[in-house]
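I set out to record how the nonpolar residues of this chain gather and how its charged side chains pair. My entries follow.

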Amino acid sequence: MAGFDKINLGYSTKNIPLPSKKDYLKTLITKTEKFMRNIRWKTFFFLNPDAAAERKETYGFRSTKSPPPIPELREFEDGMLNLVQNIEFTNTRNDFQRELSKDATSIRNSDKLYVAADKTTNFYKLAPDQYNKLIDQNINKDYKKAAPESIKHNTLEDKNIADTLELSDRIDTAAQKDAFITLKDHKDNFNNKPACRLINPSKSEIGKVSKQILERINTKIKDATKLNQWKNTDEVIQWYTNINCKQKSSFICFDVCDFYPSINEDLLNKALAFAAKYDNISEQEKHIILHTKQSTLFNCGTPWSKRGESQFDVTMGSFDGAETCELVGLFILSQLQHLDINVGLYRDDGLAVSQKTPRQIDIIKKNICRIFAQNHLKITIEVNKKYVDFLDISMNLTTGTYGPYMKPNNTPLYVHNESNHPPPIIKNIPESVNKRLSCISANENIFNNASPEYQNALNASGYNYKLKYDAHSNYKDNNNDNKRKRKRNVTWYNPPYSENVSTNIGKKFFNLLDKCFPHDHQLHKLLNRNTVKLSYSCMPNINQIISSHNKSVLNNNEPTTDEPVDACNCRANRECPLDKKCLTSGVVYQAIVTRQDTKKEETYIGLTANTFKSRYSGHASSFKNSNKRNATTLSEYVWSLKDSNIPFAIKWKIMSRAKSYSTSSKRCNLCIEEKYFIIYKPELSTLNKRNELVSTCRHRKKHLLCNYN
């Protein structure tokens with residue numbers, strides 16, 4: 001196919017390259033800030049039980065309010081800041097990390113996109129115009145341009161729901177993420193007619209509420225009806241194992257075509273009416289479930305909606321898409337029960353067995369097709385089969401066995417043992433592969449026949465581990481189910497892991513915890529090694545680097561490097577405080593205050609998401625008006641000089657640029673950049689206070705539903 005350059009990296013894109021020192025430290029700041037906020041809130045509610053009694057259902061949405069300072073935590077917070085400031089690094093390199101670093105650099109420097117294949121490990125390098133042509137074709141097939149008013153209407157309804165739940169001060173407006181595609185290179189004639197899967201990542205945050213409601217509904221239906229709505233391969237194996245007279249049975253295998261997008265509003269309403277027999281679903285809950293299906297797709301900032309009069313669309317990747325699919329699946333399964341077949345569903349894949357004659361099974365096939373057609377769903381179906389591939393297993397009714405299944409052209413790839421993952425993850429990978437392979441193998445012979453390909457994949461990933469059949473993996477040990485399991489309210493600290501960090505963060509962290517909260521401390525019951533735990537998190541992997549690169553290519557340039565056409569609008573260039581760049585926005589800046597008598601310099605680090613000039617005006621006002629002298633530590637110092645009649649001069653410069661809070665990334669790179677300079681470059685910020693670890697991002701407020709108009 002002209003212009004499609006096929007790339008196979010030869011390793012899993014989950015492998016993690018060693019991060020730069022700055023990237024690591026900025027991630028460490030983010031993780032530590034999150035942990036300290038959680039600790040403050042946890043301590044606040046412990047010390048103020050009356051406030052804890054008033055807590056409400058939040059559906060997992062965290063408070064955006066800044067936790068109040070707590071004197072009892074001051075020593076611990078100072079210790080955490082000292083821990084973060086004194087991270088030591090070493091230089092660890094190996095051949096695999098050099099390969100990852102080389103590939104990551106090549107990806108970042110490329111002017112083409114790396115588009116992933118849908119069901120294989122391949123990538124394809126596409127020029128932006130080729131990619132845009134493909135995505136336009138796929139969007140125009142099922143979508144039409146949407147009116148901007150529809151987006152405002154959906155957001156206002158999000159706000160109304162959030163207000164009813166008293167959560168509008170915690171929930172962001174929906175992120176307008178651009179849709180993207182993956183390539184179905186496993187399809188026939190792909191070279192001449194490339195097929196794509198269109199994925200819409202834009203979704204309402206209210207979907208998280210709908211997800212929990214639907215999980216409750218689905219659980220109650222399954223408990224009451226015992227319908228076979230499978231969650232994983234283990235449940236399928238359990239179902240298959242319990243089939244009686246396998247040799248006399250035949251498989252019926254069917255697949256729902258385009259299940260997610262084929263679910264219409266009428267079908268979902270019927271499924272909800274069915275669910276109401278088993279659970280008490282309020283009108284508000286029903287409204288939330290239906291509202292989250294009012295989806296909008298974005299491409300280059302342009303909104304699109306499903307063709308037709310309604311915006312109703314169950315999208316893949318939405319917060320509650322899988323649960324919606326399961327609810328509709330349960331409804332369909334209930335309609336199949338009278339056919340006298342043992343049937344189950346996993347999302348859009350269905351499997352049944354019957355001991356009827358081939359002629360009778362053909363009649364059952366027609367009835368299954370009729371039931372799906374009545375619900376406006378299309379299926380492909382095969383009947384009278386003795387052998388079937390389903391999910392990641394193959395089942396044989398003639399022999400009564402099952403074993404591992406892998407789709408054609410799909411090679412297993414595992415995280416390399418020299419990847420920058422925490423050691424416990426690396427250690428558990430070969431053991432997990434062995435356990436999983438044993439679990440989906442009916443006996444040792446099947447395991448041995450299937451294992452060479454997996455063994456080769458482990459060897460290629462640098463593991464010295466021999467796969468060996470473990471019969472105990474075929475059942476779960478329930479002997480300990482009756483033992484008392486004490487539930488603890490555990491707060492986790494998740495610092496990022498890097499091989500290049502020589503500091504033992506875990507050891508220092510727990511030593512600090514023991515020192516600050518000994519047995520006789522007021523907070524020891526709340527903060528000890530049983531209630532506060534540490535688990536290392538991961539830095540970005542190759543797949544995340546590719547995703548970030550693709551967004552950068554589509555945007556032509558990084559947003560943080562865009563300079564305004566007019567970088568200065570000062571009346572005279574000599575008056576510009578920032579060397580003719582005062583209209584630059586999204587900056588971390590430095591003010592250098594020099595005493596004219598002693599030439600001593602003091603420095604201050606600040607930030608602004610707006611233009612520097614607007615922030616400079618604020619500073620200038622605080623220098624002139626005594627009632628604003630305490631606005632910043634910079635203004636306090638300037639006023640102390642003025643009070644002492646000491647002449648001074650201030651010089652301004654840009655230290656760095658970054659994007660402020662985004663509903664897409666859920667992080668504020670601008671605030672993180674400022675904290676990096678204040679914490680790790682104290683010589684550049686002598687006037688700043690060192691309590692920046694738990695400060696609240698001020699840029700998120702405008703994105704909250706409570707502030708949407």
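**Notebook: salt bridges and cores**

Entry 1. I began with Lys666, which is partly exposed, its relative accessible area being 35%. The model I am reading is a predicted one. I then looked for the partner of Lys666 and found a salt bridge to the side chain of Glu205, at 3.3 Å from N to O. The two residues lie in distant parts of the chain, 461 residues apart. Glu205 sits in the loop between strand E6 (196-199) and helix H7 (207-225), while Lys666 sits in the loop between strand E21 (648-657) and helix H20 (669-680).

Entry 2. Is Glu205 buried or exposed? I noted a relative accessibility of 8% for Glu205. Buried means under 20%, so Glu205 counts as buried.

Entry 3. I asked which residues are linked with this pair in a network of salt bridges. The network consists of Asp172, Glu205, Lys208, Lys666 and Arg700. For the structure as a whole, I recorded 28 salt bridges. As background, I noted that side chains of opposite charge can pair when their charged atoms come close.

Entry 4. I next looked up Arg436 and Asp392, whose side chains meet in a salt bridge of 3.3 Å, N to O. Arg436 is partly exposed at 30% relative accessible area, and Asp392 is partly exposed at 25%.

Entry 5. I turned to the nonpolar residues and asked how many residues the largest nonpolar core has. The number is 56, and the residues with the most contacts inside this core are Ile252, Leu268, Leu327, Leu336, Ile368 and Phe372. Helix H12 (residues 321-336) supplies the largest share of the core, 9 residues. A second, separate core has 47 residues, including Tyr24, Met36, Val501 and Cys516. In soluble globular proteins, nonpolar side chains tend to be buried together.

Entry 6. What does Phe372 touch, leaving aside residues up to four places away in sequence? I listed Phe254, Val256, Ile332, Leu336, Leu377 and Ile379.

Technical notes:
Residues are numbered from 1 along each chain as its sequence is written. This is a predicted model: local features need pLDDT of at least 70, side-chain atom pairs count only at pLDDT 80 or more; totals for chains, interfaces and linings use all residues. Side-chain values use heavy atoms; hydrogens and water are left out. A nonpolar core is a set of buried Ala, Val, Leu, Ile, Met, Phe, Trp, Tyr and Cys residues joined through side-chain atoms within 4.5 Å. Buried means under 20% relative accessible area, exposed over 50%, partly exposed in between (1.4 Å probe, protein chains only). Helices (H or I, at least four residues) and strands (E, at least two) are DSSP runs, numbered from the N terminus. Contact means heavy atoms within 4.5 Å. A salt bridge is a side-chain nitrogen of Lys or Arg within 4 Å of a carboxyl oxygen of Asp or Glu.
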